[in-house]
Each structure stands twice: as C-alpha cells, then as structure tokens.
Amino acid sequence: MLQKWEQDEQSVFNEALLNTYFISPPRIYCWEKLLYNLDYEGENFMNLLFDMSLKKDAIGNCLSTSVRTNGAVAVFLPGVAQRLGKLIGGSFYMVFTSIHEVMIHSEDSADPRKLKEVLAETVEETTPEEDFLTYYVYHYNAETGQFSYY
C-alpha cells in the first residue's frame, strides 16, 4: 500500500502518531482525583497555559490518554516527552504499569532499581495478564531526546 500511495513508512508512521495525538490526547492523571471523580478527564499538560507542577517524589505522575485506554503510548506521541522533560525539570524514568498508562518519575528523585521492584509488584498484584506490557524501566534523556531502558 505504501508504494501504491507513494508514501514512505516513516511518513505514514508519523501521521499515525499525530492522528493518535488528536483522537486521544495525552493527559496527566492525579490519583486522588481519579479515584474519587469518575468524570475526571486528567490534566492537559500539553497546553502552554498549564500551570500545575508535576510531582518529583516517589509517587510520580500517571500519563495516559484522554480515553484512558492504550494510554502507555502517550509518551511517544509528538512533543510529549519533550514537554514532560520541561515540566519535570530534566530527564525521567518511565514505568509501564500496563498498556493503559505509564508512570513518569524524575531522574533526580527516583531510584531505577526501586522502580523496577515496584513495577514487578504492581504487575503481579494488579495488572491483568492481557494488559501487561513490560518489566523494563525506561529512561528519557532530556538533553539528547533519546529513549533507552534501564
């Protein structure tokens, strides 16, 4: 199909990411609000007027999409990792607790070994098998814009 439409794979992939961004935009969810308000739609941190600070403690920040389904991909949507880096003050770790969300932790205050332990416990205790994504803890380098795993 790529040849028929005279498109290259990377362009089609980039368009798919952009379409995903507009169909189900990324959101930061505060656990307290999420637990007590079924209508809570998350925080639109991509809005340039967003003035809430991201958590830099051990709890971290829950990133998903506005529909809260398959939201772990949100960190890879255009501009999201860069924006998170600016809001959190630098590089960060990503803990994919399921296919639906990823926890974002400041590199300055998180121990990746501890994050890996918590991830294993979370997956074992709360993540349905069909929603499992990975046991790896990933890292985003805000200076280089590169993703890697710990």
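Predicted model: local features only at pLDDT ≥ 70, side-chain atom pairs only at ≥ 80, totals over all residues.
Author: Residues are numbered from 1 along each chain as its sequence is written, and side-chain values use heavy atoms, with hydrogens and water left out.

Reader: In what order do the 6 strands form the open sheet?

Author: Strands are DSSP runs of E of at least two residues, and helices are runs of H or I of at least four, both numbered from the N terminus; two strands pair if DSSP finds at least two bridges between them. The edge strands, each pairing on one side only, are strand 1 and strand 6 (146-149). The pairing in this open sheet is antiparallel, and the order is 1-2-4-3-5-6.

Reader: Which residue in the turn of the hairpin of strand 5 and strand 6 has a positive phi?

Author: Strand 5 and strand 6 pair in the antiparallel sense over 4 bridges, and the bridge partner of Tyr-138 in strand 6 is Tyr-149. The hairpin leaves 4 residues between the two strands, and the turn residue with a positive phi, of about 75 degrees, is Gly-145.

Reader: Is Tyr-40 buried or exposed?

Author: Buried means under 20% relative accessible area, exposed over 50%, and partly exposed in between (1.4 Å probe, protein chains only). Tyr-29 has a relative accessible area of 3% and is buried. Tyr-40 has 9% relative accessibility, so this residue counts as buried.

Reader: Which residue with a positive phi follows helix 3?

Author: Helix 3 (residues 80-88) has as its buried residues Val-80, Ala-81, Arg-83, Leu-84, Gly-85 and Ile-88. An α-helix has 3.6 residues a turn, so residues three or four places apart point the same way. The residue that follows helix 3, with a positive phi near 90 degrees, is Gly-89.

Reader: Which element gives the largest share of the lining of the largest pocket?

Author: A pocket is an open set of points on a 1 Å grid over the protein atoms alone, where a 1.4 Å probe fits, with protein on both sides within 12 Å along at least five of seven lines, and lining residues have an atom within 4 Å of a point. The largest pocket is lined by 22 residues, of which Ile-59, Thr-97, Met-103, Val-118 and Thr-122 lie nearest its centre. The elements giving two or more residues to this lining are strand 4 (102-106) and helix 4 (112-126). The largest share, 6 residues, comes from helix 4.
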